[in-house]
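Please keep the model open beside it while going through the points.

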Amino acid sequence: MAAPYTAKWGIMATGGIAEKFVGDLLLDPAGRDVNDVRHDVVAVASSTNADRASAFIKKLGCKADTKAYGSYEELVKDANVDIIYVASPHSEHYANTLLALEHGKAVCCEKPFTINAAQTKHLAKVAREKNVFLMEAVWIRFFPLVIALKKLLHQDRILGKIHRVHADFAMHFDEDPKHRLFNPDLGGGALLDLGIYPLTWIMVLLFEDPDNQGTVPTFTSQMLKTPLTGVDAHTTAAFAFEKTRAMGVMTTSLEVESHTDRVVLIQGEKGTITVPWAPFRPTSFSIHLKDKSKQSAPLAQEEYHAPDRREFKIPGHGMFWEADACARALRDGKIEAERCTLQDSTITMTIMDKIRAENDFKYSDRLESTRSDA
Ligand SMILES: NC(=O)C1=CN([C@@H]2O[C@H](COP(=O)(O)OP(=O)(O)OC[C@H]3O[C@@H](n4cnc5c(N)ncnc54)[C@H](OP(=O)(O)O)[C@@H]3O)[C@@H](O)[C@H]2O)C=CC1
Ligand SMILES: O=C1OC[C@@H](O)[C@H](O)[C@H]1O
């Protein structure tokens, strides 16, 4: 068997999610039955100072020779780095990713990819021109659970035709105008931060349903903004697929919690599948199939078989699956990952642009601009 390919990672930013991602990179891939790729953290950069990067390296237990940089510019110039993980706030993703691409570095950038679709399209163009790998870190797309669910629904047609999907991600955060979730200058708001998960579920389950392929849904939305800073606190959007007569509804909020046993509800002709909390880190789903043998009269309430619950263990935080996909793409000389393409990110950002436009929610010109506007 060929030796595993090792991806050499440079970590851009030292905040909360960077810690989780690096923690996962440092786990032995054999623990998740992966033997073809490995990960090495070779450099970490803080935009603030090199001591912060050194403290991060020590805290996470990276190798002693991991480089610590006090600027992102130094990181992108490190010849030993193959791929950069961008873990800064939303407001910085576009500029940080562009910086890395312009230095010929592959990039895996945290969600949401950018502030708007124009920025995403620009990054995709630069990546193609430079022939370097680029991916938005929509980690749930790589979960074995999501892959298994897609197979059950789209290939095995366990529910027959899919009629409706409702996906929700709501989390109550204490209002703090400086926190990245509430701060418009950091690209705050429910839609971009949390709403991307229910939108991804709708995309994965309905947009990617082979029966809907080649069709574009119509959609409309509602938003309520927080008086604190003006970012969206609640957002809801409804999607209609005329061809299959399927509806998708996504809901998100910073003000309530969706800690329930059905954050994703999929209703089909043969029954229902429910995914319990958490929509950003799912670990199980339940299949509730209709029991036709117990259906007594045409108008009687539908009877169901006992639910079939499927559990999926996550041997770590779960970000390694997207990292493995990045490593395989680098190994194979690909500039996109099949499960999370630049087209997927462009569709995501285009939908979020339209939702914001429908609800008169704009970030500052600085955040919304692309380099070509300058
Ligand atoms: N996939 C997932 O499950 C999750 C993804 N995320 C995403 O990760 C990104 C970062 O979130 P999170 O780690 O929680 O955020 P944090 O606030 O914890 O960390 C962000 C880091 O970005 C760096 N940074 C660069 N520029 C700025 C700036 N202008 N203001 C503040 N910090 C800056 C800082 O690191 P330094 O000083 O070292 O440069 C900071 O520590 C977001 O895009 C978020 O959506 C967040 C949580 C979960
Ligand atoms: O991506 C995310 O998922 C988990 C949430 O807690 C976090 O705020 C968000 O950024």
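The points below take up the basis of the model, then a sheet, then the surroundings of a ligand.

1. This is a predicted model, in which local features need pLDDT of at least 70 and side-chain atom pairs count only at pLDDT 80 or more, while totals for chains, interfaces and linings use all residues. Residues are numbered from 1 along each chain as its sequence is written, and chains are lettered from A and ligands numbered from 1 in the order in which they are written.

2. Eight strands form an open sheet with mixed pairing, in the order E8-E9-E10-E7-E11-E12-E13-E14. Strands (E, at least two residues) and helices (H or I, at least four) are DSSP runs numbered from the N terminus, and two strands pair if DSSP finds at least two bridges between them. Strand E8 (218–225) and strand E14 (308–311) each have a single partner strand and stand at the edges, so one side of each lacks a neighbour in the sheet.

3. Within this sheet, strand E7 (residues 162–170) and strand E10 (residues 246–253) run parallel and are joined by seven bridges. Phe169 stands opposite Thr252 in E10.

4. Ligand 1 is surrounded by 23 residues, the closest being Thr14, Gly15, Gly16, Ser46 and Ser47; a residue is counted if its C-beta atom, placed from the backbone, lies within 6 Å. Helix H1 (16–25) and helix H4 (90–102) each supply at least two residues of this shell, and H1 gives the most, with three residues.

5. Domain 1 (5–139 + 319–340 + 364–373) and domain 2 (144–311) each contribute at least three residues to the shell around ligand 1, with domain bounds taken from an automatic or database domain assignment.
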